[in-house]
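Welcome, and thank you for coming along on this tour. Please open the structure in your viewer and keep the selection tool at hand.

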Amino acid sequence: MRYSRYFIPTVKETPSDAEVISHQLMLRGGMIRKLAAGVYDYLPLGLRSIRKVENIVREEMNRAGAIELLMPTVQPAELWQESGRWEQYGKELLRFKDRKDTEFCLGPTHEEVITDLVRREVKSYRQLPLNLYQIQGKFRDEIRPRFGLMRGREFIMKDAYSFDVDEKAADISYDKMYQAYRRIFERCGLKFRAVEADTGSIGGSWSHEFMVLAESGEDAIVSCTACDYAANVEKAEARQSMVAEHADPRELEKVATPGKKSIEEVAGFLAVHESSLVKTLVLLADNEPVVALLRGDHELNEIKLKNILGCDTLEMAGEEVVIKVTGAPTGFAGPVGLNAKIVADLAVQGMKNFVTGANAKDLHYKNVNLGRDFAVTTFADIRNVVLGDPCPRCQGGTLEMWRGIEVGHVFKLGTKYSKALKATYLDADGKEQIIFMGCYGIGIGRTVAACIEQNHDENGIIFPIPIAPFHCIISALNMKEDVVREASESIYAQLADAGVEVLLDDRDERPGFKFKDADLIGIPLRIVVGSKNLADGKVELKCRRSGEVELVTIGEAVEKVKSAVSAALKQGIQ
RNA sequence: CGGGAUGUAGCGCAGCCUGGUAGCGCACCUGCUUCGGGAGCAGGGGGCCGCUGGUUCGAAUCCAGUCAUCCCGACCA
């Protein structure tokens with residue numbers, strides 16, 4: 001490709017509405033342009049990287065036995081009504097009507113459509129297992145799209161759906177996808193972790209997220225220092241504390257705490273550690289008040305609590321509800337004398353003589369004790385794990401924390417959709433059975449963005465070869481000089497013939513300008529052709545990542561580029 | 001949806017408080033010079049100052065509404 005005839009509108013200045021580095025660099029590098037909030041044009045350079053990821057995904061999905069198809073973006077409401085998600089999904093589902101007033105939505109995911117297809121076409125156990133996937137545009141009307149391709153409303157996703165005769169077979173399908181995902185992200189050259197995750201609104205019984213490690217990641221994840229346990233903080237299990245305090249219960253005591261509402265204020269005022277307090281949170285679960293108890297220095301994990309309560313909605317109660325439930329303004333709630341469902345975190349179980357609110361303005365209790373002073377409905381793990389917590393799976397390991405960008409998610413769905421949509425098959429005995437499903441997503445655009453988050457410097461993007469838009473750029477310093485032009489064209493032809501994706505910067509621009517653009521768009525290898533070095537029969541070969549420069553002959557440059565590219569592309573394929 | 005902010009040339013911004021015929025840098029076009037890390041000089045083109053209404057002799061500027069975008073939060077995969 002000749003740069004002068006191609007379309008790479010780079011910009012020097014950082015657009016003001018881009019916050020994270022990948023968004024800034026993709027805009028500056030002419031990879032994407034915004035059309036509306038969370039909706040982007042993919043320009044040629046951006047599209048090339050997207051296609052690279054798609055192709056890796058495609059190859060690995062095919063290798064794992066999945067079969068590609070393509071489903072529509074527009075989906076009829078009736079399918080969603082049948083699964084129950086028309087009501088459940090909320091505003092994120094973009095709905096509209098056609099001219100006949102029939103309701104439709106733009107597909108945010110395709111469980112309904114694929115299950116509908118399979119229930120109509122699959123009748124026998126002989127047709128299973130089956131795994132179908134597509135790479136396609138999705139639309140989710142996110143409340144707050146941000147960070148460019150990282151959280152757009154329209155985005156490209158690979159979604160696969162597996163269908164099996166029973167749970168055991170479904171587990172095999174799940175494991176195949178899990179392994180395929182590992183290969184995919186390895187081939188993309190990403191540093192990532194597979195973590196246990198909550199299933200959220202997709203539902204199902206088990207899931208793993210694939211997280212690209214990056215400071216700017218929206219998710220907090222933990223991993224064990226000793227074993228291979230890793231989980232999203234939303235899901236990470238806290239192990240019940242071994243240490244129970246053995247202090248004798250002291251007498252309950254009411255103390256004045258004027259204006260001291262937060263845990264920090266109360267602990268400071270009473271000169272005790274925050275861990276000696278129990279925080280009392282009032283929430284509404286499906287609009288019924290529920291009280292959650294946590295050690296003062298711990299945080300509530302709403303997802304865990306929601307799962308334990310089995311409710312559809314869970315939110316922090318407003319001031320009015322707090323007053324109604326506790327009889328006091330916020331900041332003075334406590335479990336003593338409360339008439340409500342109380343869920344206490346496991347860490348509260350071993351505590352003795354702790355401080356809580358007294359359900360009266362400006363008053364707290366000291367020396368509160370479980371059982372004697374109040375009763376708990378349920379003990380459960382409802383807190384967020386913290387750095388240094390013991391690993392829930394092994395002895396001796398502790399938890400470390402990271403930030404990650406979710407680029408893939410695999411779900412074991414079970415029969416949630418197949419039951420709702422009556423997707424069944426006849427087994428060998430002629431008996432009707434429900435199909436077991438799994439679903440598996442990869443955010444294609446997000447993977448490219450995550451890659452940039454992980455691979456950049458002050459000059460721009462540093463693409464790994466497997467997903468770089470071009471492998472090599474030839475910076476021809478002055479195409480008007482015959483020697484430069486001829487050498488550049490020769491290298492260009494040799495590399496292109498060898499299957500290297502090469503961009504020839506033949507523009508009538510100054511050298512500095514070309515170097516800046518080459519760095520910005522992150523082409524991994526650069527050959528600089530200038531008349532000075534050509535006089536010695538040499539060109540300059542530079543590695544974008546290491547900055548390493550070598551002066552070599554044209555023949556050597558071509559060979560080195562060829563072998564570097566083929567080595568990088570082979571990695572992870574064996 | 002709650003809080004905060006911003007809409008002025010393709011991009012980045014100033015002007016607004018204190019109303020008086022719209023400016024800077026980059027980019028773009030022409031010419032000359034330059035040519036190994038985003039060149040210099042000279043000349044030039046480009047604006048419904050987000051939109052609608054109001055106040056005023058006069059509005060980019062003041063007021064009201066509206067739309068859009070961004071940030072924080074809640075929400076969500």
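Begin by selecting Arg-63, which counts as partly exposed at 48% relative accessibility; here buried means under 20% relative accessible area, exposed over 50%, and partly exposed in between, with a 1.4 Å probe and protein chains only. Before going further, a word on what you see: this is a predicted model, in which local features need pLDDT of at least 70 and side-chain atom pairs count only at pLDDT 80 or more, while totals for chains, interfaces and linings use all residues. Residues are numbered from 1 along each chain as its sequence is written, chains are lettered from A and ligands numbered from 1 in the order in which they are written, and side-chain values use heavy atoms, with hydrogens and water left out.

**First stop: a charged pair in a helix**

Glu-60 forms a salt bridge with Arg-63, and the closest N and O atoms are 2.9 Å apart. A salt bridge means a side-chain nitrogen of Lys or Arg within 4 Å of a carboxyl oxygen of Asp or Glu. Is Glu-60 buried or exposed? Glu-60 counts as buried, because its relative accessibility is 1%. Both residues sit in helix H2 (residues 44–63), and because they are three residues apart there, about one helical turn separates them. Helices (H or I, at least four residues) and strands (E, at least two) are DSSP runs, numbered from the N terminus.

The structure holds 41 salt bridges.

**Second stop: a bridge between loops**

Select Glu-218 and Arg-146, whose side chains meet in a salt bridge of 3.9 Å, N to O. Glu-218 lies in the loop between S10 and S11, and Arg-146 in the loop between strand S7 (130–139) and strand S8 (154–164), so this pair ties together parts that are 72 residues apart in sequence. Glu-218 is partly exposed, with a relative accessible area of 30%, and Arg-146 counts as partly exposed at 29%.

Now pick Gly-217, in the loop between strand S10 (206–213) and strand S11 (219–224). Gly-217 counts as buried, at 5% relative accessibility. Which residues does Gly-217 touch, not counting residues up to four places away in sequence? They are Arg-403, Gly-404 and Ile-405, where contact means heavy atoms within 4.5 Å.

Go to Asp-505 and Lys-514, whose side chains meet in a salt bridge of 4.0 Å, N to O. Asp-505 counts as buried at 0% relative accessibility, and Lys-514 also counts as buried at 0%.

Zoom in on Phe-463: leaving aside neighbours within four places in sequence, its contacts include Met-31, Val-448, Ile-452, Pro-469 and Arg-545. In soluble globular proteins, nonpolar side chains tend to be buried together.

**Fifth stop: backbone details**

Most residues other than glycine have a negative phi, and most peptide bonds are trans. Select Leu-128 and Pro-129: the peptide bond from Leu-128 to Pro-129 is cis, with omega near 0 degrees. Pro-129 is placed in the loop between helix H5 (111–121) and S7.

Next comes Asp-286, which is not a glycine but has a positive phi of about 50 degrees. Asp-286 lies in the loop between strand S14 (278–285) and strand S15 (288–295), and counts as partly exposed at 37% relative accessibility. Lys-422, also not a glycine, has a positive phi of about 55 degrees. Look for Lys-422 in the loop between helix H11 (416–420) and strand S22 (424–426), where it counts as exposed at 62% relative accessibility.

**Last stop: the whole chain**

Zoom out to chain A, which has 16 helices and 31 strands. Its C-alpha trace spans about 95 × 65 × 50 Å along its principal axes. Of the 574 residues in chain A, 53% are buried.
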